[in-house]
Amino acid sequence: MTSITENAKELTQELLEIRRTIHRNPETGAVLPRTKTFVKKKLEEYGYEPREICESGIVAVLEGEKPGKTILLRADMDALAIKEEAPVPFASENGCMHACGHDMHATMLLGAAKLLKKYQKRIPGRVKLVFQPDEEGFTGAKSMLKAGVLENPSVDAGMALHVNSGIPSGMILCGLGTCMAGCTLFRIRVKGTGCHGAMPETGVDPINIAVHIHLALQEILAREVGPKNPTTLTIGKFVGGKAPNIIPEEVIMEGTIRTMDVKLAEQIYRRITEISEKTAELFRGQAEVTELASAPPLINDKEMTIEMAGYAKEICGQDKVVLLEQGGMGSEDFASYTYEIPCSYLLLGAGAASENELYGKPMHNDHVVFNEDVLSVGSALLVHGAMKWLENHQE
C-alpha cells in the first residue's frame, strides 16, 4: 500500500501538467477531438494500445501476467459551457470550463494507467481503462455501453471516482445502495400565435400559457409525491420573446426531474406532459414535451462498496473513509454501468473552504477550484482498489 501511495506521489508534477493542459482546453458534449487525442497519446506513451470505440470514447486494457477477472475503471472527460472566473493561472479562455472536475478524473486515471504498468506482473486478470465523453449530457455512458465497452474482454465489475468541492481534501465518501438520484432532462415547447402587444386579442400568448404551466407543475410535488420520496422538479430555462411590445410565437422551458425511483420519474414525466398539453389547450395554444436525455439512479453494489471502502482506508487512513446509507440528489451517468455489472462509485474530497478560501465553491460554479493535491490520491485509490479486487476475486 505504501509503495503505491509513494509511487503515485512521485507522479505529482506530471499529473499537474496533465491536469492543467486538459483544464486549459475544455471541450463539451460528445465530441472531444482535442481531449481524446491528448489522452490517447498519453496512453500510447505509457505502453497501451488505446481504441476509440465510439465518438471520443476511449478504451485501453492492461493484461496482467496471471489469469483472472476484469475490472473497469472509468473517467469522464467533458466540460461545461460555463465561462471560467476561477482565479487560477491555468484558467480556460475558450468560454467553457471544467467546473465539475472531469479534468481531475481523466488525470487520475492516466496516472493510474502509468502506475498499473509498474505492477503488471502482480495483476491476476485485466484492468480496462475507460475515458468517456458527455457525462454532463447523459449520453456518454449509454454510447459506451452500446459500443460494447463491457465486452472484449468481458467486464466483471466497475469502479469510478468523482472529486467533490466542499468535502475536505482526501476524505472518501462511499454511498451504499441507491446513492445518487436519477435525472430526466426535458423540454416544454409552448406554441401560440404572435401579434402586436397593442392588440393581444389577435394572438395567443405563449408566455402566459408557459407561466400557468410552470405554476401548475408545482402541484406534482406538493400533492402527488409522498414526502418520504426525495424528489425535485426544476425548471432552469424559460425563454420567450425578443421585444417588449411583441407577443412571440413560442416559449421554450427546460428542466429536470430527480428522484431515487425510476417508476416515479416516469410517472412525473407523464404528468408534466398531461399538465402542459391540457393547460396550453385551455388557453388556446399547444404544448409539446420532449425528453432530452436521462440517467437512472446510481446503485452502488453494497458488498463491493464496503470492500472498496476497506481498500481506501489502506490508502487514506481509517478516519478519512465514511460509509453513507443515504444518498444525495445529484446525478451521474456512470449509473448506467451499475445496472449491467457490480459497481462502486466513490466521492473524493477536493477541498473545503476551511483549508483554503479558494476551495469549497459549489460544483458547476464558475469560481470552483479543486485541490490538485488529491490527484495522486485518486490515482493510488484506483490502482489499489483495482488490484486488491482482482486479487480477492480470482477465478
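Where is the place of R284? It is in the loop between α7 (262–282) and β13 (286–295); helices (H or I, at least four residues) and strands (E, at least two) are DSSP runs, numbered from the N terminus. The model under review is predicted: local features need pLDDT of at least 70, side-chain atom pairs count only at pLDDT 80 or more, and totals for chains, interfaces and linings use all residues. Residues are numbered from 1 along each chain as its sequence is written, and side-chain values use heavy atoms, with hydrogens and water left out.

1. Phi of R284 is near 75°, a positive value in a residue other than glycine. R284 counts as exposed at 59% relative accessibility, where buried means under 20% relative accessible area, exposed over 50%, and partly exposed in between (1.4 Å probe, protein chains only). H364 is not a glycine either, and has a positive phi of about 70°. H364 is found in the loop between β16 and α10 (374–392), and is partly exposed, with a relative accessible area of 37%.

2. Cis peptide bond. The peptide bond from N152 to P153 is cis, with omega near 0°. P153 has its place in the loop between α5 (140–146) and β5 (157–164).

3. Aromatic pairs. A pair of aromatic rings is described by the distance of the centres and the angle of the planes. Here, rings of Phe, Tyr and Trp (its six-membered ring) pair if their centres lie within 6.5 Å; planes under 30 degrees apart count as stacked, over 60 as edge-to-face and the rest as tilted. By this rule the count comes to 2 aromatic pairs. The pair of F334 and Y345 is stacked, because the ring centres are 5.8 Å apart and the planes stand at 25°. F334 lies in the loop between β15 (321–324) and α9 (335–338) and Y345 in strand β16 (residues 343–349), so this pair ties together parts that are 11 residues apart in sequence. F334 is buried, with a relative accessible area of 0%, and Y345 counts as buried at 2%. Ring pairs link F334, Y337 and Y345 into a cluster.

4. Charge over a ring. K117 lies over the face of Y48, at 4.6 Å from the ring centre. The criterion requires NZ of Lys or CZ of Arg within 6 Å of the ring centre and within 35 degrees of the ring normal.

5. Nonpolar cores. A nonpolar core is a set of buried Ala, Val, Leu, Ile, Met, Phe, Trp, Tyr and Cys residues joined through side-chain atoms within 4.5 Å. The largest has 72 residues, of which L43, L129 and F131 touch the most other members. Helix α10 gives the most to this core, with 10 residues. Apart from it lies another core, of 23 residues, among them L217, I235, I257 and V289.

6. Surroundings of F131. Not counting residues up to four places away in sequence, F131 touches V39, L43, S56, G57, I58, A75, M77, A106, L109, L110 and M144; contact means heavy atoms within 4.5 Å.

7. Helix α2 against α10. Helix α2 (residues 12–24) and α10 pack at an angle of about 105°, with their axes 9 Å apart. Axes are lines fitted to C-alpha atoms, for helices over the stretch in contact, and angles run from 0 to 180 degrees between N-to-C directions. That angle makes α2 roughly perpendicular to α10, given that angles under 35 degrees count as roughly parallel, over 145 as roughly antiparallel, 65 to 115 as roughly perpendicular and the rest as oblique. The contact is made by T12, L15, L16 and R19 of α2 and by L375, S376 and S379 of α10.

8. Helix α2 against α3. The axes of α2 and helix α3 (residues 33–45) come within 11 Å and cross at roughly 160°. The two helices α2 and α3 are therefore roughly antiparallel to each other. Their contact is made by E14, I18, T21 and I22 of α2 and by F38, K42 and E45 of α3.

9. Position of A380. A380 is found in helix α10 and counts as buried, at 1% relative accessibility. Leaving aside neighbours within four places in sequence, A380 is in contact with I4, T5, A8 and I315. A380 and L115 are 265 residues apart in sequence and 8.2 Å apart in space, C-alpha to C-alpha.

10. Position of K242. The loop between β10 (231–240) and β11 (246–247) holds K242, which is exposed, with a relative accessible area of 88%. The C-alpha atoms of K242 and V368 are separated by 33 Å, at 126 residues apart along the chain.
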